[in-house]
Amino acid sequence: MIKKIKIICDDVEHNLEIKDDKTILEIALENDIDAPYSCQGGICSTCLAKITKGTVEMDNNQILTDDEIDDGYILSCQSRPTSNEIEVNYDEI
Ligand code: FES
């Protein structure tokens with residue numbers, strides 16, 4: 001199923017459509033979006049972003065508290081979209 005994803009990074013909106021079950025960071029990097037990252041293992045939180053629409057599931061999270069997750073914060077290197085439409089903001093953190 002095709003999912004719509006909007007990624008906001010450095011004040012630029014990228015509207016993408018994805019088919020595969022990739023992480024948000026993978027999607028961003030494949031589309032030449034300059035998203036921040038380091039460990040890609042759910043440990044450093046460099047890839048922190050905020051979900052403003054839709055839902056994700058994180059493979060691994062050793063950093064974010066339940067409150068932060070409730071506020072929409074995600075580790076984008078660990079997050080796979082689970083809703084058909086999703087908006088991710090790297091600027092609002
Ligand atoms: S890049 Fe380190 S937690 Fe995502």
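Mentor: Two strands are said to pair if DSSP finds at least two bridges between them, and in this predicted model A49 stands opposite I74 in β5.

Trainee: What makes β3 and β5 a pair of strands?

Mentor: The rule asks for at least two bridges, and 3 bridges join strand β3, residues 48-53, to β5, so the two strands count as paired. They run antiparallel.

Trainee: Why are β2 and β5 called edge strands?

Mentor: The open sheet has 5 strands in the order β2-β1-β7-β3-β5, with mixed pairing. Each of β2 (12-18) and β5 (73-75) pairs on one side only, and that is what makes them the edges. Within this sheet, neighbouring strands are turned by 30° against each other on average, with direction ignored.

Trainee: Which elements does the protein chain contain, and in what order do they run?

Mentor: There are 2 helices and 7 strands in the protein chain, and from the N terminus on the elements follow the pattern β-β-α-β-β-α-β-β-β.

Trainee: How do you know that the radius of gyration agrees with that of a compact globule?

Mentor: For 93 residues, a compact globule would have a radius of gyration near 12 Å, and because the protein chain has 12 Å, the two values agree. The C-alpha atoms fill a box of roughly 30 × 25 × 20 Å along the principal axes.

Trainee: What makes a residue count as buried, and what percentage of the 93 residues is buried?

Mentor: A residue is buried if 20 or more other C-beta atoms lie within 10 Å of its own, and buried residues make up 25% of the 93 residues in the protein chain.

Terms used
Residues numbered from 1 in each chain as written. Predicted model: local features only at pLDDT ≥ 70, side-chain atom pairs only at ≥ 80, totals over all residues. Helix = DSSP H or I, 4+ residues; strand = E, 2+ residues; numbered from the N terminus. Rg over C-alpha atoms; globule rule 2.2 N^0.38 Å. Buried ≥ 20, exposed ≤ 12 C-beta atoms within 10 Å, placed from the backbone. Axes fitted to C-alpha atoms, helices over the stretch in contact; angles between N-to-C directions.
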